[in-house]
Amino acid sequence: MVTATLAVRRFDPEQGEESRWQRYDVELPDGTTVLEALMFVQEHVDGSLAFRRSCRHGVCGSCGMRVNGCARLACNTQLAAVVEEAERRAAHAHHTVGADAPDDGRPSVRIEPLGNMPVIKDLVTDMTVFWEKLRRVQPWLQPLDESPSPDAERRMTPAQYAVLAEGLMCVECGACYSDCIAVEAAPEFVGPTALVKAYRYAYDVRDDQTHRRLYDLSDEHGMWECTRCYTCTQRCPKHLRVRELIGRLAELSQIEGLSSDAAVKRAKAFVEGIEETGRVDERTLPLATGGPQGALGDLPAAARAAASGKMKLGKREAVDDVETVRRVVARAKESGGTTP
Amino acid sequence: MIAHEVLIIGAGLAGMRAAVAAHDAGADVALVSKVHPVRSHTCCAQGGINAALGDDDSWEAHMFDTVKGSDYLGDQDAIEIMCRAAPRDIRAMEHMGCPFSRFENGRIAQRPFGGAGFPRTAYAADISGFVLLHTMYEQVVRREIPIYQEWYVTRLVLDDGVVRGVVAVDMLTGRPHGMSGKAVVLATGPASRIYESSSNSVDCTGDGMGMAYRAGLPLMDMEFVQFHPTGLRNGVLITEGCRGEGGILLNADGERFMAKYAPNKMELASRDVVSRAEATEIAEGRGIDGFIMLDLRPIGPERIKTNLLQVRELSMDIAGVDPCEAPIPIRPTPHYFMGGVQCDADGRSPAAEGLFCAGEVSCISVHGANRLGGNSLLDAVVFGRRSGEAAAAAATAGGAPAGVPQSAVDDQEAEIAALAARDAAGERQADIREELQTLMFARVGIWRDRGALQAGLDEVRALKERYGRVSLGHGGRVFNTELPQVLETGNLLDLAECVALGALNREESRGSHARVDFPDRDDETWMKHSVFTRGDDGPECSYSPVTVTRHPPEVRTY
């Protein structure tokens, strides 16, 4: 049997503005998932507990939620594993995430709604914006020939299928989006889930709009707003390599000649500076990125950075072993990293 | 009042295919679903979708396999329509962008499936339903078809045999609304949650069948419920594609026992045959802790990791077994309703003007007494399209919609208030549902006999009695998930009663319906559909003829 205390962050708009923690003690058979534990609570202990669920085996994407601070699918998360995780973290008192969770005696498994979206009730979130962002990438096939013969399929080799298959298994649960720090910082960022969908269509050989798709995602809230922190890849309950797929969109943008984007220019200037001196030269970045007009706009920020000592004004001296740095850069270029 | 020409209830593959077809035919159409469309149960379909795409295959061969698979209870005119339409409907899905797995020459790949004389199951790895569902959703998005998502439809509103619309509760507010439509398409899926350990999503509670039945429409062939041969301990499915790719079934002695039951087709006999064989092996003591072993090692790790990736993950997550290294413990699991709301090959109900059905909620009947693997996604695509087209034609003719009377909405509001006001110490829906699921599995399962069926029917009726005292644990309205659960359980009870009664009445064995006390098929007396209508004291059962066009019944062996 698995013995656990679930601490669930409850919110009921009919009862007030504040959320609160509620504890449920459960003892359930080995192999029980977090979702099964919540279903047990809802059916036999507290019918007012609200959460979404449907297929209970990781393919419908309904039961995305944060467990012990990380977004996951409740249905493919073992209760015993997160109990052990909670105990391990409690043993290291410096771990302070979710320190407001109740904890009298036994460490509890903390269960909260997904992040980066408003809560409707308990673990049910309002995913309206999430779905809108998916719509933004025009997730449908846009072939050149809109009326093909009804008696023949469009051809695609198994190898071509395999490339887009890497992005197919996204169940749109919102786990990556919930914990995306770029969405948190810039709520208009299209976000990792929509970018995976964009990958799936951009790399579909039957689609004729790859260039336009990439162009549309090259604006300030498109693919370049990703901070490359890899949290999405870590969180994905279906083991999609989310960040890598976003990187491949960037790679394809380069191939498609879409390097006019500010972020690409900035990345190039960044690498050139490193090659030359082994240091980042912040003075050159605004001009390379935004041109004279953009650089003018950055002047006040530059002045503040210079005044506070964040940015040096003088010429950059090369680091002692600049040759080693250059070899590192050369190796990185040879190995064909996924980002420019 | 919300009004659309065509209202589609349920946004799985069949419902969304119907919506796209109705939209493309020029109708103002809206989808109403208790979940977001991509959460629908279609996503659970793994193995694939049948069509005679190959140059050396034919729709006639597909039709014969389907008729034989149905144990001659399927209506052959409808089966012919489906098998003829299959290649174009599947290629239409491909044209919409559905990513099917491919042969080296770039054409849609096909794999062998149970009960089929040809490898005619097109697939996308082991996520076929998932990619079809997402492709269809994306077509709905492209057309900007309105979706009332997380709206739970509670009632079908008829007026003198003519559809006027539905009543639905918006989960966000908990308030009922009238939704007016000149045509309504039910696409609400199955009711396999009358059983424990079902392969179905928790949401598969027969809502459409239940509301049609309460509105006086006939249900058909409800006693035929398919048990899938390979479910994990909790009912989660392992696709038939595993056996199509070369997986084998072993008993506790390591014997490939299907040789005894289906010497020609072996593991790729029809599902009813394989499930019964497994149940027999387990009952006679040759199971391992109540399970049979599905051995995928003959397939080889490389192919498992490309074509059966999800299966491998599920097997490791749920059974703790890596199928590249060891066999997976499986057993038969309640999976598919061959029965449903009676309708014709355009999905049209004979009993209500303007009412159509598509997908698993319907009984057309193309599956008869046993469905072939790969034919349910096909049913959803072909008859989804046809019902959408027919509904659009019906809705765009004639005058303005009559609308849903306010009294229907008021009645729903009163029912919710009464449930909330009832003593919280009343019956809990979860207890009733669990007892129902246990008794149905035990008494109305794979092997059936009169004594157990009568006991099962009596127990279902006793639970219906208790359900009269069911209460909501709390009266909150915003996302009160207990409210739909209570109403779902009401549907399950009505439908379980039909299943048990149909099984008790039918004194023969045919397809999925196996009577120990009547082990043979009896074409003389029982080659007919069971039809259930709601009477004062539960369902009343009558019968209707089977349509035979090309294939008179023969002895069925594999």
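Predicted model: local features only at pLDDT ≥ 70, side-chain atom pairs only at ≥ 80, totals over all residues.

**Domains, contacts and a hairpin**

Q: What makes residues of domain 1 of chain A and domain 2 of chain A count as in contact?
A: The rule asks for C-beta atoms, placed from the backbone, within 7 Å. On that rule, 15 residues of domain 1 of chain A meet 17 residues of domain 2 of chain A. So these residues are called in contact.

Q: Which elements give two or more residues to the domain 1 side of that contact in chain A?
A: They are β3 (64-67) and β4 (70-73) of chain A. The largest share, four residues, comes from β4(A).

Q: What is the make-up of that side by class?
A: The side of domain 1 of chain A that touches domain 2 of chain A has seven nonpolar, six polar and two charged residues.

Q: How is chain B divided?
A: Chain B has domain 1 (230-332) and domain 2 (407-545). Their C-alpha centres lie 31 Å apart. Five residues from each of the two domains of chain B take part in the contact.

Q: Which helix gives the largest share of the domain 1 side in chain B?
A: Helix α8 (residues 271-283) of chain B gives four residues. By class, that side of domain 1 has two nonpolar, one polar and two charged residues.

Q: Why are β20 and β21 of chain B called paired strands?
A: Pairing needs at least two bridges. Strand β20 (residues 528-535) and strand β21 (residues 538-545) of chain B are joined by eight bridges. Therefore they count as paired. The two strands run antiparallel. B:His529 stands opposite B:Ser544 in β21(B). β20(B) and β21(B) form a hairpin, with two residues between them.

Q: How many residues of chain A and chain B are in contact?
A: The contact takes 41 residues of chain A and 43 residues of chain B. On the chain A side, α1 (34-44), β6 (119-121) and α4 (158-165) give two or more residues. The largest share, four residues, comes from α4(A).

Q: What classes of residue make up the side of chain A that touches chain B?
A: That side has 20 nonpolar, nine polar and 12 charged residues.

Terms used: Residues numbered from 1 in each chain as written. Chains lettered and ligands numbered in written order. Domains from an automatic or database assignment. Nonpolar A, V, L, I, M, F, W, Y, C, P; charged D, E, K, R; others polar.
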